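Dear colleague,

I am handing over a structure that you have not worked with before.

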Amino acid sequence: MSEAFYTDKARVRASFEKAAASYDGAAVLQREVSDRMDERLGVIRQIPLTVLDAGSGTGYGAAALRARYPDARVIELDIAHAMLAASRGKQAAARGMLGRLFSRARPWQVCADVEALPLADASVDMVWSNLAIQWLNEPDKVFAEFRRVLKPDGLLMFSTLGPDTLFELRAAFAGQDAATHVNRFLDMHDLGDALSRAGFAQPVMDMEKIVLTYAQMRDVLRDLKAIGAHNSTAGRSAGLTGKHFWRRVEAAYDAQRKDGVLPATYEVVYGHAWRGAPPAGRLADGRQVIEFVRPARAAS
């Protein structure tokens, strides 16, 4: 994978650890996409008993899942411990003192990497992941892990970002230097292919564009920083950039102003699929089966 796509996972984790306190104040897109995913669950007849929220952040999606499936165990999993702590704090505040003493609805939380889930095989009925897998490097590995922990009739529902995300910001940086300044994201069709390779059945993919508007470029960058969405590509600049550089970038972004505001476009990709039988020639854990046929001996 090229440096433009490869993300530094240690930087991703550190960014989200720092952003936990400011995340909710800027996560407008994340909440909107979560709400749209929740609406899609309205047509799913399956009632899960165990749901994994993979990349749960500060717990907005997990709260919606608990409201929709009150009898289910919702497991919040995130790479950043501070995000899980923020979710735990909000749940404690919502329950109040008596709720903290008597409620059984204490959060199930795991601080872990989505590409290496510390869960047993076939242990969850549904995997839900809202705007998380765009930070990972190998979709095949992620989907293989999701399939491994799902029960045979389990459902995967996710959202992520497509390649047109923040194209205005990327255009403003284009030609300014040789470094990458904006994360790059995989195409919807590549993700659909990865789902099929992982052994998921009936994958469905669709996309929509959501445009946020800002007064100044610095406001775009402030919100990205507040949610922990730093540039985490391996090809990012290792040094500082000067005032002249930023003036050029701001001027290039300002040239894209429409109706007095600056657009920031997000290409949101949605996908869902069911855990199906392993592809022909593969075991349930994804390992390939290669059959060797010994040639028959010639009669003597």
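This is a predicted model: local features need pLDDT of at least 70, side-chain atom pairs count only at pLDDT 80 or more; totals for chains, interfaces and linings use all residues.

Residues are numbered from 1 along each chain as its sequence is written, and side-chain values use heavy atoms, with hydrogens and water left out.

The structure holds 6 aromatic pairs (rings of Phe, Tyr and Trp, the last by its six-membered ring, with centres within 6.5 Å; planes under 30 degrees apart count as stacked, over 60 as edge-to-face and the rest as tilted). One of them joins F16 and W135 edge-to-face, at 5.6 Å centre to centre and with 80° between the planes. Both F16 and W135 are buried (under 20% relative accessible area, where exposed is over 50% and partly exposed lies in between, with a 1.4 Å probe and protein chains only).

F173 and W246 also form an edge-to-face pair, with 5.7 Å between centres and 80° between planes. Within this pair, F173 is buried, at a relative accessible area of 8%, whereas W246 is partly exposed, at 29%. Elsewhere, F143, F146 and F158 make up one aromatic cluster.

Two arginines sit over rings (CZ of Arg, or NZ of Lys, within 6 Å of the ring centre and within 35 degrees of the ring normal): R40 lies over the face of Y270, 4.0 Å from the ring centre, and the charged end of R73 is over the ring of W108, 3.8 Å from its centre.
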